[in-house]
Amino acid sequence: MDIFLETPTEKPLSVEAVRQGLQTRWLGRHSVLVFESLDSTNNRAKQMALQGAVEGTIVVAETQTDGRGRLGRSWISPQGAGLYFSIVLRPRTEPTRLPLLTLTAGVAVAAALHSLGVRPGLKWPNDILLSDKKVGGILTEGVFSGQKPEAVVLGIGLNVNTPQDGLPDSLQDLATSVRLHVGRPISRIRLLQAVLEKVEHWYGLFCDDGFDTVLRAWRQFDATTGRQVEVNLPQSRLVGTADGICSDGTLLVRDAAGTAHRILAGDIVRCRVKGGPAMPSLRSAPAGHA
Ligand code: BTN
C-alpha cells in the first residue's frame, strides 16, 4: 500500500513521471500528452484519434474547464486534486459493444483501487464507488469519420486527493475522494500508472473475447445487486430490485410483480438495502460532479 502514498518529493504530472516505471506493453508507450489545462481530455483525444493517433495514446490534464460526464453532466476537475485522462483505443469490434468497454474499464479502475488495499464498488454502468459514494466515473465515446467508426475514447475521472471542502456542498453525501477514504494523500502518478496497467490487462481480455472473465470480475465489485433501485429510463422511471448485469452488459431489474426488465440505457438514481433506509449516498450525483 505504501507505494501509493504521496511522498514529500511527489512530482507534478508530466510525461516523464507518467512513463517512469510504467509497466505496460503498449498503453502509453508511444504517445503520452500532459496538459496544464484542457476543456476536456475526451475532446482532445477525439481530435487526435481523427488525426490518426495510435492506439494507446494517453491525454492527461491537471484541470479541465469543461470536463464532461454521462448524460450531459459536467465533471468538476479541480487543479491537481484528481486524475482526468483519456485513452485512444481502436478495438476491432462493433460499436454496439461499446457499453461493454465501459464495464471493462470499470473493472480496471476498481482493480487498481483494490491494489491500494481499499474495497471499491461498481454501480452500473460507469460509476466507481468507495463507501457507497462516487469516487470516479468513465465516459466512453465513439469517434466516427462520417458513418465510419474510427476509434473509441475512454475517459476516466477520479477524485484522488480532493479534500472534503473541495467537494461542492450539494455533493457532500454523494461523492468522496480516495484520500478522504484512506485518510492519507495518495500518489496520483502511481495511481494513474496502476489504472493504465489494469486497463491494458482488462482491455486485452475484452478484445480476446474474454468478456465472460470481465463480467465475473465486474460482479465481484457490483455494489447494487439485491438492493432496491429507482432507475431513470429515457421515457419513464422503474422501481425494483437490481438483479445484476447480463452477458450483454445490460442491467436486470425486477419490479414488484417479479417481471424482469433489461435496462440498456438508464441511470440508477436511488438505491437502498431492501427494507432498509434510503441510502442517499448511492443516489446519482446531480449535474455538476461525480
Ligand atoms: C461520469 O461519471 O458520468 C463520467 C465522468 C468522466 C469524467 C472524465 S474526466 C476525463 C475525461 N474527460 C472528460 O471530459 N470526461 C472524462
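## Helices α3 and α5

In this predicted model, helix α3 and helix α5 (residues 188-207) pack at an angle of about 140°, and their axes lie 8 Å apart. That angle makes α3 oblique to α5, given that angles under 35 degrees count as roughly parallel, over 145 as roughly antiparallel, 65 to 115 as roughly perpendicular and the rest as oblique. The axes are lines fitted to C-alpha atoms, for helices over the stretch in contact, and the angles run from 0 to 180 degrees between N-to-C directions. Helices (H or I, at least four residues) and strands (E, at least two) are DSSP runs, numbered from the N terminus.

The crossing of α3 with α5 is right-handed, a term used if the near helix is turned clockwise from the far one by less than a right angle, with left-handed used if anticlockwise. On the α3 side the contact (heavy atoms within 4.5 Å) is made by L100, L101, T104, V107, A108, V109, A111, A112 and L113, and on the α5 side by L191, A194, V195, K198, V199, W202, Y203 and F206. By class, this contact of α3 with α5 has 15 nonpolar, one polar and one charged residues, where Ala, Val, Leu, Ile, Met, Phe, Trp, Tyr, Cys and Pro count as nonpolar, Asp, Glu, Lys and Arg as charged, and the others, Gly among them, as polar.

## Helix α6 and its two partners

Helix α3 (residues 98-114) also packs with helix α6 (residues 211-221), at an angle of about 55° and with the axes 9 Å apart, which makes α3 oblique to α6. The crossing of α3 and α6 is left-handed. Its contact involves L100, L103, T104, V107, A110, A111 and H114 of α3 together with F211, V214, A217, W218 and F221 of α6, and the residues comprise 10 nonpolar, two polar and no charged ones.

Between α5 and α6 the axes come within 7 Å and cross at roughly 130°, and these two helices are therefore oblique to each other. Here W202, L205 and F206 of α5 meet F211, T213, V214 and A217 of α6, a set that divides into six nonpolar, one polar and no charged.

## The five-stranded sheet

An open sheet of five strands has the order β11-β10-β9-β8-β12, with antiparallel pairing; two strands pair if DSSP finds at least two bridges between them. Strands β11 (260-263) and β12 (267-273) stand at the edges with a single partner strand each, so one side of each has no neighbour in the sheet. From one strand to the next, the twist averages 40°.

Strand β8 (residues 227-232) pairs with β12 in the antiparallel sense over six bridges. Along this pairing, E230 has R270 of β12 as its bridge partner, and V231 stands opposite I268 in β12. Five bridges join β8 to strand β9 (residues 237-245), and these two run antiparallel, with V229 opposite G240 in β9. A hairpin of four residues joins β8 to β9.

## Confidence and conventions

The protein averages a pLDDT of 90, and 92% of the residues score at least 70, pLDDT being the predictor's confidence in each residue, from 0 to 100. Over residues 277-290 pLDDT stays under 50, and the model has 49 contacts beyond four places in sequence for this stretch. Where pLDDT is low, the predicted coordinates should not be read in detail.

Local features need pLDDT of at least 70 and side-chain atom pairs count only at pLDDT 80 or more, while totals for chains, interfaces and linings use all residues. Residues are numbered from 1 along each chain as its sequence is written, and side-chain values use heavy atoms, with hydrogens and water left out.
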